Every structure is written in structure tokens, then in C-alpha cells.
Amino acid sequence: MRRLHAGTAMRLRARTDRHGIVLTDAQGDLTAGDLADHVDLLSRRSRRGTDAPRLGDLPPDAPLRSVLAAALSAGGSLDMLSSGTTGEPRLHRRGPLTPAQLRTLTSLARRIGLRRGVKIASAAPGVHGHGLLLALGALSIGAHLVDLTHLPSARRVELLHSTTPDLLSGVPVHLADLLQADVIVAGNRPLRISRVISGSDVLSDELRADLTRRWSARVHDVYGTTETGSLTVDGRPLRGVRIRERGGELWARTPFTRGREILTDRGRIDPRTGLVEVHGRADGLVSSGGMLHDPRAVARLLVAQEGIDAVTLRTVPDERMGRRTVAEVTLAADARSGFTEDGLRALVRDQLGAASVPREVVFGGQGSGPDSDPLSSPPR
């Protein structure tokens, strides 16, 4: 379900059912023909050397129609930024699927109920592995996507009620946000969703029970990383996945690791049931709406700039993303460079990718409020 397969499926759908809907969002319906035309236009611009949006340049809340067009038009393999679990976040290049990889992804689709003709809503950012592969997989299989990624909570609930999807996928903070918004907006008219798929972070027992009760849904907890691909559904490994515990850490070998065993997260495997339990990340990364970044790398990059004395990164509550990062920048007394918020954010985007860009940049060491949590404050 990587780019090659999704692109082939898109062209086939455009030929056989040009007016068939592949995605619904706040802008309306996107047909297979319109998506194919847009992809062709971007591909021609890319071949001519003119500016065409790249997947890595898109912001975390980019609409899925933009994500799909960028991913399908670039040509070559699919580039994804790793989570950084095994070191500094780095670019991973994925080519066409091998038979073993396809079997693992087919196992995932069957476990979560993703199949041709179903309608699946996604609240997971499309530039993150969770949302990107879900969108490409839905396109490949012939499912109908409902894009919630770029909307505030109340509008997400309204779109869910108007489209009545069979499946809903998102990061736990998004699902909790949707649950609360549904209570406020819909009151005694709760959504009815067959299955809810949670991923990219630890799903608590309490949230799982609340989702099941409110929406009468079967809730699936999908665990995986960019480096390994999806590993388990509800604690049970997918076909082709080998995972073991060593010293409270989980190590996995999958068709996507090229024979290597890779450290994923902290956790354990129940010796009686064989179920995999994830306790938390093995690295220092921060999840904001499912986007993973290393605050230490951001702080090191900014404080290395001439004229910046210190940088402190904090996380603060955010209605749409669960948490967002704020960079507090202290300038040197004799600083001559004209630093701006947009300029520093562009610097982080260019050097570390869209996932690492702070949502806010505050100059002069101004506070971010009593609810903020300090992440790093390296001296120059």
C-alpha cells in the first residue's frame, strides 16, 4: 500500500469510475478523476523543475487531499521521516512493496476491518506515518476517506455525523478530543461507529472503555513505528512480525527492517498470553497530535545561531493537537540579526522537517503559562 500501489489504484479508479468519490473533507467531495488530474499536473511541474509541493514541506495539519497529491506526484520511492527511536530522526526511503511486506499490511487491513467500499475517517496527520499510510491504504483498497485532520473538534464531529463513517482512526489525544466534543455537540445523539483504530501513542484502558461505551464501537489498538511498520493489533503481532522483550525493551524484526532487529519502545510481553504491552517511548521524543519530534535537536539548532543566547522548548495544551510546542528564544544583548518567528520556524522546517517546527516562537524568554511543561533549555 505504498506509493506505487496507491498510484496504480488511483489511475484505475479514475479510468473506471472518474466521478467516484475517494475523499470527503470540509471542501466537499474529491473524485478519483479530480485527484488524478491534480497528480498529473504536479508531476508535470516537478519534471519541468518548477516548484511543486513536497511531502516533507507540508505542515502537520495539511489536508489529506494535499498530502495524497504530493505523495503520488513526486515519483520514485516514498520518503518518510523516522520516529527517532533508534537514534536521531532520519529519512527513510521505501520502494515498491515486497510480497512479505504486502502480506503484513494485508494482515493489518483484515484485523482493523479496512476493505473495499467502507468509509473511514482519519484524524491522524497525513504527513505522519500513521495518517499517510492509512490514506494510501484506503486509496489502494478502494475505501472512501473522510478527512478530519485540518478541522477543529466541533467541525470534526459535524463532519462525522454528516458522513457516518464505518471506521475512525486517530491518535489517542485526537480520539479523546473527539469524544468530548461529541458529548458537547451531539448530546444524546452519539455517533455510531463500527470500529475505532488508535495508533501512534499509548491507548489507556479508560479511554478505550469510554470510546466503546459512547460510540458502541469495537476499539483496536495498533502499535508500530516508521522503521518497523505496523507490529501488533490489540497486542497480537501481525503476520511476518517477530517481536521480543529484552530488559524491559521491545525489539522487533519485520519485512520492513531488512533482516535487522530494531529497538522500538519500552514494554513487556505477557508470558501467559503472548500479548505485547507498550509502556512508553524508549527515546526523548515528544508527540504533538501524532507528530514526533526531538526537542533537543530543535533547541540545539536554534541556539547555534549567532545572536541567540538560549532556547527553552515547552509543551502546552492544544485543542486540535493535544499538545503543542512553544520555543522561548533569548537573544544576545548585542544581537544584530533580525530574527523573526517565521524565519526561525522556516529554519527548523528546512533542517529538521515539518514535524519539528514549533507551533509558536516567543522572544525574550516570555512565559507560556502555568500549564506548560519545560522540555529543554540548553545554554549557548
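Visitor: Let me start with one spot. Leaving aside neighbours within four places in sequence, which residues is Ser 230 in contact with?
Guide: Ser 230 is in contact with Thr 104, Leu 108, Val 222, Tyr 223, Gly 224, Leu 238 and Val 241, with its neighbours within four places in sequence left aside. Contact means heavy atoms within 4.5 Å.

Visitor: What sort of model is this, and how are residues numbered?
Guide: This is a predicted model: local features need pLDDT of at least 70, side-chain atom pairs count only at pLDDT 80 or more, and totals for chains, interfaces and linings use all residues. Residues are numbered from 1 along each chain as its sequence is written, and side-chain values use heavy atoms, with hydrogens and water left out.

Visitor: Back to Ser 230. Buried or exposed?
Guide: Ser 230 is buried, with a relative accessible area of 18%. Buried means under 20% relative accessible area, exposed means over 50%, and partly exposed is in between (1.4 Å probe, protein chains only).

Visitor: Which strand is Ser 230 in?
Guide: Ser 230 sits in strand β10. Helices (H or I, at least four residues) and strands (E, at least two) are DSSP runs, numbered from the N terminus.

Visitor: What sheet does β10 belong to?
Guide: An open sheet of 9 strands with mixed pairing. The order is β2-β1-β6-β5-β7-β8-β9-β10-β11. Two strands pair if DSSP finds at least two bridges between them.

Visitor: Which strands stand at the edges?
Guide: β2 (28–31) and β11 (236–237). Each has a single partner strand, so one side of each is left without a neighbour in the sheet.

Visitor: How many bridges join β1 to β2?
Guide: 4 bridges, and the two strands run antiparallel. β1 covers residues 21–25. One of the bridge pairs is Asp 25 with Gly 28 in β2.

Visitor: What does helix α8 lie across?
Guide: Helix α8 (residues 205–215) lies across β7 (167–170), β8 (195–198) and β9 (218–225). Helix α8 runs at about 140° to β9. Axes are lines fitted to C-alpha atoms, for helices over the stretch in contact, and angles run from 0 to 180 degrees between N-to-C directions.

Visitor: And what is found in the loop between α8 and β9?
Guide: Ser 216 is found there. Ser 216 has a positive phi of about 50° although it is not a glycine. Most residues other than glycine have a negative phi.

Visitor: What about Asp 234, what is its phi?
Guide: Asp 234 has a positive phi of about 55°, and it is not a glycine either. Asp 234 lies in the loop between β10 (229–233) and β11. Asp 234 is partly exposed, at 27% relative accessible area.

Visitor: Switching to charges. How many salt bridges are there?
Guide: The count comes to 9. A salt bridge is a side-chain nitrogen of Lys or Arg within 4 Å of a carboxyl oxygen of Asp or Glu.

Visitor: Which residue does Asp 210 meet in a salt bridge?
Guide: Arg 213, at 2.3 Å, N to O. Asp 210 and Arg 213 are 3 residues apart in helix α8, so about one helical turn separates them. Asp 210 is partly exposed at 23%, whereas Arg 213 is exposed at 60%.

Visitor: And what does Glu 261 pair with?
Guide: Glu 261 and Arg 244 meet in a salt bridge of 2.5 Å, N to O. Glu 261 lies in the loop between β13 (249–253) and β14 (262–269), and Arg 244 in strand β12 (residues 242–246), so the pair ties together parts that are 17 residues apart in sequence. Glu 261 is partly exposed at 26%, and Arg 244 is partly exposed at 35%.

Visitor: Which residues are linked in a network of salt bridges?
Guide: Arg 268, Asp 270 and Glu 277. The side chains of Arg 268 and Glu 277 meet at 3.2 Å, N to O.

Visitor: Last one, the whole chain. How many helices and strands?
Guide: The chain has 10 helices and 21 strands. Of its 380 residues, 51% count as buried. Among contacts between residues at least 6 apart in sequence, 63% join residues at least 24 apart.
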